[in-house]
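Open the structure in a viewer and keep the selection tool at hand. The stops below say what to select and what is there.

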Amino acid sequence: MSDITSQTLTSLVKNIKEKKLSSEEVTKAFVDRSEKSKELNSYITEDFSNAIDKSKKFDEKPNLDLKLPGIPIAVKDLFCTKDIRTTAGSKILENFVPTYESTVTQNIWNEGAILLGKLNCDEFAMGSSNETSFYGNVQNPIDKGLVPGGSSGGSAAAVSGQLTPITIGTDTGGSIRQPASFTGTVGLKPTYGSCSRYGIVAFASSLDQAGPMSQNVEDCALLQEVISTYDNKDSTSIDFKRGQYSKELTKDIKGKKIGIPKEYRVEGMPKEIEELWKKGIEYAKDCGAEIIDISLPNTSYALPTYYIVAPAEASSNLARYDGVKYGFRAKGENLIDMYEKTRSEGFGSEVQRRIMIGTYVLSSGYYDAYYLKAQKVRKLIKNDFDEVYKKVDAILTPSTPSSAFKIGEKKNDPVSMYLNDIFTVPVNLAGLPAISIPAGLDSAGYPLGLQIIGKAFQEQEILNLAYAMEDKINFKNKITDWWIK
Amino acid sequence: MSKENSEYLIERYDNVYEVVIGLEVHAQVTSNSKLFSSSSTKFGAEPNTQVSLVDAAFPGMLPVINEYCVKQAIKTGIGLKAEINKRSVFDRKNYFYADLPQGYQISQFKYPIVGEGIVILDMPNGQKEVGIERLHLEQDAGKSIHDMDPQNTLVDLNRSGVALMEIVSKPDLRTPDEVSAYIKKLRSIMRYLGTCDGNMQEGSLRADVNVSVRLKDSKELGTRCEIKNVNSIKFMQMAIDYEANRQVDLLEEGKSIDQETRLFDTKKNETRSMRSKEDAHDYRYFPDPDLLPLEVTEEFIEQLKSDIPELPDDKKKRFIDEFKVSAYEATILVSDIETAKYFEEVVAKMGKNRDMKLAVNWITSELFAVLNNKNLEISDSPICAKNLAKLINLIKNGTISGKIAKTIFELMMDDDKDPQVIVEEKGLKQESDPKALEALIDKIINDNREKAIEYKNGKEKLFGFFVGQAMKVSGGKANPKLINEILKKKL
């Protein structure tokens, strides 16, 4: 059965369509492996027996025209799933069971997918190591004691460890791409407005975007094709012509112009990353792409800008978790006391830190100096990209400034933790699509990723570039199953 | 407070103070569904039965603007002769309260949908213009109920997310009477437009009142206090009167006024401090990232403009020109759209030989008195416009006397009966045949010979006696004009 879980989504779909595998066989294989993988702590909520029931039902009357026929999929626990507990990695939503389904997950069920369970993540997606989850650390399948990255850490670990053939994460400042990079998997953050935010527990509304995480680029393209739809329930959803990403996927990228931004050569960046980047440039050239040196002058302001905008929005988005309507409520002497106790006990320290930062930057007297200024800088960062996209089709950078670090290593150093997002946040601030693909290993044998940033709505372009480079890189993830006894 | 005089001044020893008032009116938009969700807005439903996932702020729920509410706000802006902003922005006003599920209210702070406008007040001593600062759209909160359970506060979210228009006036009002006129005019305009039903009992129209005082002839504004959520015109006037005098007393004692928010206690007829400026909420306004800026095109606005009905000011002008009613009468007739409609229908049904004076009098005195007594709106009038027009025509063409008309009017109220039918059934037609009346009078003179002689000898006030006798004998049906003429001739 283990050969089932090591298959890509694309081959599983093919095997089911050709009736070489049943949905039940596939589902049981992933359930079985998930059961044996408790030590990874990838899941917050398992829905295994329901999944097997659903797979049996699918097999009784299989609709093989669907794009994800009977494919079991576990998703990040930030997507509201009807009748299945949705926690956002927080104590405050420990017993919250939505009566509704997020648009993005509904899209995959509509194409025949079956829910395996809900995957661990940093609390309210705030974190870069999955260490802020109320439901505990996630282990990186690459090595024991290693973080899988965050916030979609459970998702990355589940794909990398083959507990699910594919998954959906969310990316506010790098939460898909950084864990993909840390676990040797592929992760796409689509253009803002590409995937509906309806039913996704909000972190920072102007930055949040759902996206696919997978073993390879082809699978990623297929899932993006399914989850990206225009949705009138989300006022920021954009009605643009979406491609048949998997069908239009091509390795022919000859003559594509790829920009290399000099500002991404940050101080103190490990040599290995620098070398990986150089290798990436060579791969791109090998594929026939043209390399152009570019400048994104406001890059250094992206991280501080992000850590004003995102907490500001979060401080307001999380105000609804007040113990009044749903979720955790602490007993209090009066309303204010109840609020204070509920939110002090219900939110973890990182979430509280960001609520405080956000509240501060929006408060009168500080608004102009922080929030308003950050919005102006955000515009400048976007202008930088607009400017270079007159000359290039895409931009190539490392995904992260380092490989995966040890659990606990950065937990008490928020600034060093925030620095993880240095290459990914400009993309969210500008609302652009970007993909991280595994591109090599560091000296410890830990995966490193390269990021390809595209023009708005040009997901196909970066998928093609990633597809072509993936072929050249020929990366193989080393999964030893160390956690399986 | 004087009703006749528009001046409202507070005197203390040698000092004369003027009161400066500005209003923030919260008007509920007439709309079947809420500002950002499809829940019903119907008044009086069971608690928490009109609440969507969006209204209750469930995780991952997103607001989607209701286009109809946007149209309503723009129409109101047009009615206020105001600037319509083609681009406006929804902001979040952040604060915690049990009946505010999102932890913020979606409102418009920096860029409202409607800018400066004007409302014209018809005061006894002439017209007065009151400036409108702005109109913006916002969500209503739910309702906290503190007195149903001894231990807990209960929350009803039916109102949560209902669309409100906040209409902010400039500090142009000077007297409680102007405040009353302003509220009534605003209400009238919105009712004409169908954008707010103006029902103060149901809370569709509420106001925060800003009051400050200054020495008469001073140009600078004094420190203001805001009196929260006063929900009747009478209470607004009482609150202003109390608050202005409180402020004057403080100044006279040499004290200063603290800028603060106050509550009006309707039982004690006083305002009380709710929170000072220092304790004021920091609402941390910022643009709502779940909503794009609201952009409307010139065509969209023009289309709405073309749908605007005749508004009270224009209607008043037309009534004066077309129907030759006085300005005072026109003001009364147009103040409420239903009254104006009724009046116009009466006029139409009266036909060619119409009598405006009679129509105005019958509506504003007889009909209004009945409606008042029965506590009815004119739209629910027991006598329809068509029948009232018929009654007026019967008077006008001499079929009945004014006095008989009042009797018929009473009878009409039962089941809105046709006055013509009543006249025939009850035989109430006025006797206007000169021969019949002469015979009647001859008989009366004959029966009262002594009095007739006295009259001839100069006791002129006996004339009234003979008129009375004629009316009595005829059962009130004798044409009084003819009786007069014949009596003069015969006596």
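**A pair of facing residues**

Select B:Arg92 first: opposite B:Arg92 stands B:Phe286, in β15(B). Residues are numbered from 1 along each chain as its sequence is written, and chains are lettered from A, with ligands numbered from 1, in the order in which they are written. This is a predicted model, in which local features need pLDDT of at least 70, side-chain atom pairs count only at pLDDT 80 or more, and totals for chains, interfaces and linings use all residues.

**The sheet around the pair**

Next, select strand β4, residues 91–94 of chain B, which pairs with β15(B) in the antiparallel sense over two bridges. Strands are DSSP runs of E of at least two residues, and helices are runs of H or I of at least four, numbered from the N terminus. Two strands pair if DSSP finds at least two bridges between them.

**Where the chains touch**

Now show both chains. The contact takes 32 residues from chain A and 25 residues from chain B; two residues are in contact if their C-beta atoms, placed from the backbone, lie within 7 Å. On the side of chain A that touches chain B, select α10 (302–317), α11 (335–346) and α12 (349–362), the elements that give two or more residues. The largest share, three residues, comes from α10(A).

**Confidence**

The mean for chain B is 92, and 99% of its residues reach 70 or more.

Conventions: pLDDT = per-residue confidence, 0-100.
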